[in-house]
Structures are given as C-alpha cells and as structure tokens.
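Please prepare a briefing on the structure shown below for someone who has not seen it before.

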Amino acid sequence: RMHRAHIADLRRIPASPLTRSQRRAVRQAWPCFRISSMDLTWSRFYADRCGFSPYFVNDVQYEQLLACVNPPRLFSSLENKALVDRFCPQIPFASTILRRVAGQYFDGVMSPLSEQQARAVIMRGGCVLKPAAGTNGGQGVRRFDAPIASAGDALTLLRSYVGDLVVQPVVRQHPLLQSLNPTSLNTLRITSVLIGGRYSVAVCLKVGRAGMTVDNWRSGYIVG
C-alpha cells in the first residue's frame, strides 16, 4: 500500500515514457524479477533524470534481488546484528557496546557480562537498543540520549526485549543531514550490482519523519 502511494506521487512528476524496446530491455536484464508497471515507473523516472539503463534497481526490487542472490537458508545467520560483526570483522560495521546472545550478555569484544553490568552500560545513555534480528521497518529500535536514572527502569528495559539484543552508541550525523530531521539518523542507502563486468548503482536518501527515531520505509520516511 505504501509502495503504491509512493508510485502515485512519482507519477505526478513529468517524465518521458519508456519506449517498448526499453521496457523489453529491463525485463530481459532482470529475468528473476516480476517486473510490474509500478517498477517501470521507477525506471522511467530514473531514465528521464539520469539516462536509461536496464540495470537500474529500485528500492523495492532490492528485497527481490536479495532473495535471488542470497538464499535465506544461507544468510539467515548473518542477519543477527549481535553476531555479524564477529563473523565479518573486515567489514566496518557500526560499533557495538553491548549484546545479548542466547540469554548471555557480552561487551563489544565478546567478553561475558552479568545482567547488572549490562544494566550499567545502558544507564549511561547515548545508546540505541534494538532486537538483533527482525527489525524490519525499525521495529523495536529505541534511542536514549540522556542517562537512565533508575537502575530498575534500565533492568526492565533490557528484559522487555525477547531474544537476542544489540546496543550501539548513538551516531552523530553530519549537520547537513541532521538539518533534514534531527530526531532520526538520516541515511543514504547505496545498492550496487556487478553484472557482466558492468556496475549498476542505485542511491536512495532516507529521512525520517519529525519525531521518528528511524528512517525506514515502513516507518514513514519522507524522501526516497
């Protein structure tokens, strides 16, 4: 429903239609996709602004692409935010100050912590708590800039999360991005695909709505 709403807005912006050969080229370039008229609207808008490329990937097709090239049965273990930085240490992930895996708390370098020590970590504030998996749309993401005064409140907060948990420091964004909306971490999502020696890149600017902590699609971001 939200996708259709974005498409309706996009169709109001003047853009030259794709030719029949261009539509055919898009479908031939992505046989793994079920190319719809909505998807072609994104391609039409991109072609009008940046030049036509059948390899353009819109933000919605990204999930379909992942399902084709990264089968869930192979990458499910890498979706756990409390462990993925340990599996792939060469990738510069956001730093982690606390994690909970299978009921046990650990610090950023996987040294075991007691529940009381974990509580002390989040009481300092300046952190973001989130479930280690299943955070589609920013579900369960909570930000605390100020210290948590009550030890009881901090303990209740930790116990309110079921399953694995990850705690990361608040990222201070560039003033320009912050000026778009200071309550969310506004991001540029960049998707790159290498096919036949050619790169295709899609860039999406995501800005959260006023008062929102996250900029995810399902949480109502503003710009795409």
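T96 sits in the loop that runs between α6 (84–87) and β1 (98–101), where helices (H or I, at least four residues) and strands (E, at least two) are DSSP runs numbered from the N terminus. T96 counts as buried because its relative accessibility is 11%, given that buried means under 20% relative accessible area, exposed means over 50%, and partly exposed lies in between (1.4 Å probe, protein chains only). When neighbours within four places in sequence are left aside, T96 is in contact (heavy atoms within 4.5 Å) with D85, G108, V166, V167 and Q168.

This is a predicted model, in which local features need pLDDT of at least 70 and side-chain atom pairs count only at pLDDT 80 or more, while totals for chains, interfaces and linings use all residues. Residues are numbered from 1 along each chain as its sequence is written, and side-chain values use heavy atoms, with hydrogens and water left out.

- In soluble globular proteins, nonpolar side chains tend to be buried together.
- Not counting residues up to four places away in sequence, L129 touches I122, G140, V141, R142, F144, L157, L158, Y161, L165, V166 and V167.

**Strand β1 and its partners**

- From β1, the residues L98 and R100 point one way, whereas R99 and V101 point the other way, and all of them are buried.
- β1 pairs with β6 in the antiparallel sense over three bridges, a pairing being assigned if DSSP finds at least two bridges between two strands, and the bridge partner of L98 in β6 is V167.
- β1 and β2 (104–106) also run antiparallel and are joined by three bridges, with F106 in β2 as the bridge partner of R99.
- The strands β1 and β2 form a hairpin with two residues between them, and A102 in the turn has a positive phi of about 50 degrees although A102 is not a glycine.
- A102 is exposed, with a relative accessible area of 73%.

**The buried residue C127**

- C127 lies in strand β4 and is buried, with a relative accessible area of 0%.
- The C-alpha atoms of C127 and L98 are separated by 9.7 Å, and the two residues are 29 residues apart along the chain.
- Leaving out residues up to four places away in sequence, C127 touches I97, I122, R142, R143, F144, V167, Q168, P169 and V170.

- In α7, the residues A118, V121 and I122 are buried, and because the buried residues of α7 fall within an arc of 90 degrees seen down its axis, they line one face of the helix; the arc is that of the directions from the helix axis to the C-beta atoms.
- The elements that cover the buried residues of α7 include β1, β2, β4, α8 and β6.
- In α8, the buried residues include A154, L155, L157 and L158, and they cover an arc of only 160 degrees around the axis, which puts them on the same side of α8.
- On the other side of α8, D153, T156 and R159 are exposed.
- The axes of α7 and α8 come within 9 Å and cross at roughly 105 degrees, where axes are lines fitted to C-alpha atoms, for helices over the stretch in contact, and angles run from 0 to 180 degrees between N-to-C directions.
- The two helices α7 and α8 are therefore roughly perpendicular to each other, since angles under 35 degrees count as roughly parallel, over 145 as roughly antiparallel, 65 to 115 as roughly perpendicular and the rest as oblique.
- Where these helices meet, E115, A118, R119, I122 and M123 in α7 contact A151, A154, L155, L157, L158 and R159 in α8.
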